[in-house]
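Hi everyone, thanks for coming. Let's look at one structure together, starting with a pair of helices and ending with a sheet.

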Amino acid sequence: MSQQTTDLSTLNTQFENAYPQDILRWAAETHGDQLAVVTSFQPTGIVTLHMLSEVAPNTTVLTLDTGLLFPETYALMDELEARLNLNLIRVKPSLTVEQQAEIHGAELWAREPDQCCAIRKTAPLNEALAGYDAWITGLRRDQSSGRKSTPIVSLDGRYNKVKLSPFATWTEDMIWIYIRANELPYNTLHDQNYPSIGCFPCTQAVVPNAADKRAGRWVGREKTECGIHVAAL
Ligand code: SF4
């Protein structure tokens, strides 16, 4: 077993019962300005940003602006950027939606969603993360069966970065208790049975209290992830 693997194992044991704020503080102290948080302003991301605003307020915040987000998502982004004074970078794909349609045909997401996600999400994120050693995600083990083994810290082979999921052990209820206790804004689509919110062409409302918190994404397809998190799970 390599030293790095041993170190990650030790850290995961140490972090398993740690409060996320302490994990975030450790990440900021360890990686400094080489640390970035990647968020799509889902509930866990909101809690992450609020805690980071207290322990490491200058941390770079990367968000993928695919050009296909809901108006409610853009409104939330603006509100949190102002309220938490975020060091926010809106990462955009190299192709606009119109250019993508000209090159690959209209509504690529309906025909080749993996290719669409590669163009609009994974490639831009890969480029944006190039200048950082470590990134923070909002993955939680209770979100879906595919995420049930999410480690708190891992080495992400795809991006060759340290990947941190400080809220891996938290439940959806814990996240919402924190949001309400701190009177944080959230995406109003959650009140309309959208548990997970991505691009509008690939996101639907679900039956109330659906067990799979990723239900509603790429409905009718086997696809459950955009590709950003697949490699490390
Ligand atoms: S979620 Fe849908 S619209 Fe957004 S990048 Fe992926 S396939 Fe394209």
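At roughly what angle do the axes of helix H3 and helix H8 cross? The axes of H3 (residues 43-55) and H8 (residues 172-181) cross at roughly 50° and come within 9 Å. That makes H3 oblique to H8. Under 35 degrees would count as roughly parallel, over 145 as roughly antiparallel, 65 to 115 as roughly perpendicular, and the rest is oblique. Axes here are lines fitted to C-alpha atoms, for helices over the stretch in contact, with angles from 0 to 180 degrees between N-to-C directions. Helices (H or I, at least four residues) and strands (E, at least two) are DSSP runs, numbered from the N terminus.

Before going on, please remember that this is a predicted model: local features need pLDDT of at least 70, side-chain atom pairs count only at pLDDT 80 or more, and totals for chains, interfaces and linings use all residues. Residues are numbered from 1 along each chain as its sequence is written.

Who makes the contact? H3 brings Pro43, Thr44, Ile46 and Val47, while H8 brings Ile175, Trp176, Tyr178 and Ile179; contact means C-beta atoms, placed from the backbone, within 7 Å.

Now the sheet. Six strands form an open sheet in the order S3-S2-S1-S4-S6-S5, with mixed pairing; strands pair if DSSP finds at least two bridges between them. At the edges are S3 (87-91) and S5 (153-156), each pairing on one side only. Strand S2 (residues 60-64) runs parallel to S3, joined by five bridges. For example, Leu62 has Ile89 of S3 as its bridge partner.

Note on methods
Two residues are in contact if their C-beta atoms, placed from the backbone, lie within 7 Å.
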